[in-house]
Amino acid sequence: MVIAIRPLIGFVLTALMAAPVFANNNASVTSPTSVIQTPKKDGRRWSGFVSASRSTNLVNHDDGTQSDVMDYLARLNLKLTNNFSLRVQGGYSQDLKDAQNDDFSNTSVSLRRAPFDLNQSFKGTYRVGMIAPTSKDAYKRQNLLTGITAGGDLMINPDRLITGLDILGGVSVTRNFHQYETALDGAVNTQYSSSQMVSISYSFESGVALSATFTHMNTWSYQNVMRDSFDFSQEIGYDISPSFNIAAGHTNSGSTLRPNGTDSNVKLLDEESSLIYASATFVF
């Protein structure tokens, strides 16, 4: 199964198989890209991957706001039993135009259940985890202490689909704990968050894989103000070998509603917010 690893704008995701992190409001270090991870090598007690991606705006308006960012992501899995594993994930973001924005992402640690049969048509999995505030935005501006996450995924049994097709949905919730309800800049910190995701991917025998993922996110501040946002990403990847993958894609994210609070702002492309990226991933 192809696994999409999604560190997104506004949070360090992993909306498919990574622990979601809504620990920060307007995090300074979150990757706006996604990468496709080739299947991990079965039978190993230790496994994981490291990836690097470079992203920029889909449209350059020649006004000096064009982004140019390198993102690095690492994940380490420890197989505890045949059914449970421990996962640690973290990253680093490098702003190639302004080094002052460089920073680590928050680090997530999670205990995960391997996929199991719910019935003949569906498989499920679940996870619980914690967040370590390793980004400057989290521990300096927000005074984040930690966060607790829980989530689950539901996938259609591949045996019920055509070969190479995967369909997956997931939900997650996060409870953040801050030293203060407001950040240093006066912004109210996020207390609770939730995400709902659906992903479709298709892998060809040639090693090419296509995927599309839509994620809807909700956050609630300590003053009970709710905000919601979305991310819509599409990617094409190629497995050069069982251990090395390259990919390119597009992602658009933003508020679910327009400023008037009623009209939908969800769309595939946006000249202001759409990003394109290229990535390389090494799986071990």
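In what sense do strand β10 and strand β11 pair, and over how many bridges? Strand β10 (residues 144-156) and strand β11 (residues 165-178) pair in the antiparallel sense, over 11 bridges. Two strands are said to pair if DSSP finds at least two bridges between them. The model examined here is a predicted one, in which local features need pLDDT of at least 70 and side-chain atom pairs count only at pLDDT 80 or more, while totals for chains, interfaces and linings use all residues. Residues are numbered from 1 along each chain as its sequence is written, and side-chain values use heavy atoms, with hydrogens and water left out.

The protein contains 1 helix and 16 strands; helices (H or I, at least four residues) and strands (E, at least two) are DSSP runs numbered from the N terminus. Of the 284 residues, 48% are buried. Here, buried means under 20% relative accessible area, exposed means over 50%, and partly exposed lies in between (1.4 Å probe, protein chains only). The protein exposes about 13500 Å², and carbon and sulfur atoms supply 59% of that area; accessible areas come from the Shrake-Rupley method with a 1.4 Å probe, and for residues only the protein chains shown count as cover. Among contacts (heavy atoms within 4.5 Å) between residues at least 6 apart in sequence, 59% join residues at least 24 apart.

Strand β11 can be followed to a further partner. Its Arg-175 is the bridge partner of Ile-148. Strand β12 (residues 190-203) also runs antiparallel to β11, and 11 bridges join the two. Within that pairing, Leu-168 has Ser-199 in β12 as its bridge partner.

Strand β14 (residues 226-241) and strand β15 (residues 244-255) run antiparallel and are joined by 12 bridges. These two strands form a hairpin with 2 residues between them, and Ser-233 stands opposite Thr-251 in β15. Strand β15 in turn pairs with β16 in the antiparallel sense, over 8 bridges, and Phe-244 has Phe-282 in β16 as its bridge partner. Strand β16 spans residues 275-283 and includes Ser-279. This serine has a relative accessible area of 6%, so it is buried. The C-alpha atoms of Ser-279 and Ile-246 are separated by 5.7 Å, although the two residues are 33 apart along the chain.

The aromatic side chains come next. The structure holds 7 aromatic pairs, where rings of Phe, Tyr and Trp (its six-membered ring) pair if their centres lie within 6.5 Å; planes under 30 degrees apart count as stacked, over 60 as edge-to-face and the rest as tilted. In one of these pairs, the rings of Phe-84 and Tyr-126 have centres 6.5 Å apart and planes at 65°, so the arrangement is edge-to-face. Phe-84 lies in strand β5 and Tyr-126 in strand β9 (residues 122-132), so the pair ties together parts that are 42 residues apart in sequence. Phe-84 counts as partly exposed because its relative accessibility is 28%, and Tyr-126 is likewise partly exposed, at 39%. Ring pairs link Phe-84, Phe-116 and Tyr-126 into a cluster.

Charged side chains give another kind of link. The structure holds 6 salt bridges, each being a side-chain nitrogen of Lys or Arg within 4 Å of a carboxyl oxygen of Asp or Glu. One of them joins Lys-123 and Asp-117 (2.6 Å, N to O). Another joins Asp-137 and Arg-141 (2.8 Å, N to O). These two residues are 4 apart in helix α1 (residues 136-141), so about one helical turn separates them. Arg-141 also forms a salt bridge with Asp-185, the closest N and O atoms being 3.0 Å apart. This second pair links distant parts of the chain, with Asp-185 in the loop between β11 and β12 and Arg-141 in helix α1, 44 residues apart. Asp-185 counts as exposed because its relative accessibility is 52%, whereas Arg-141, at 15%, counts as buried. Together, Asp-137, Arg-141 and Asp-185 are linked in a network of salt bridges.
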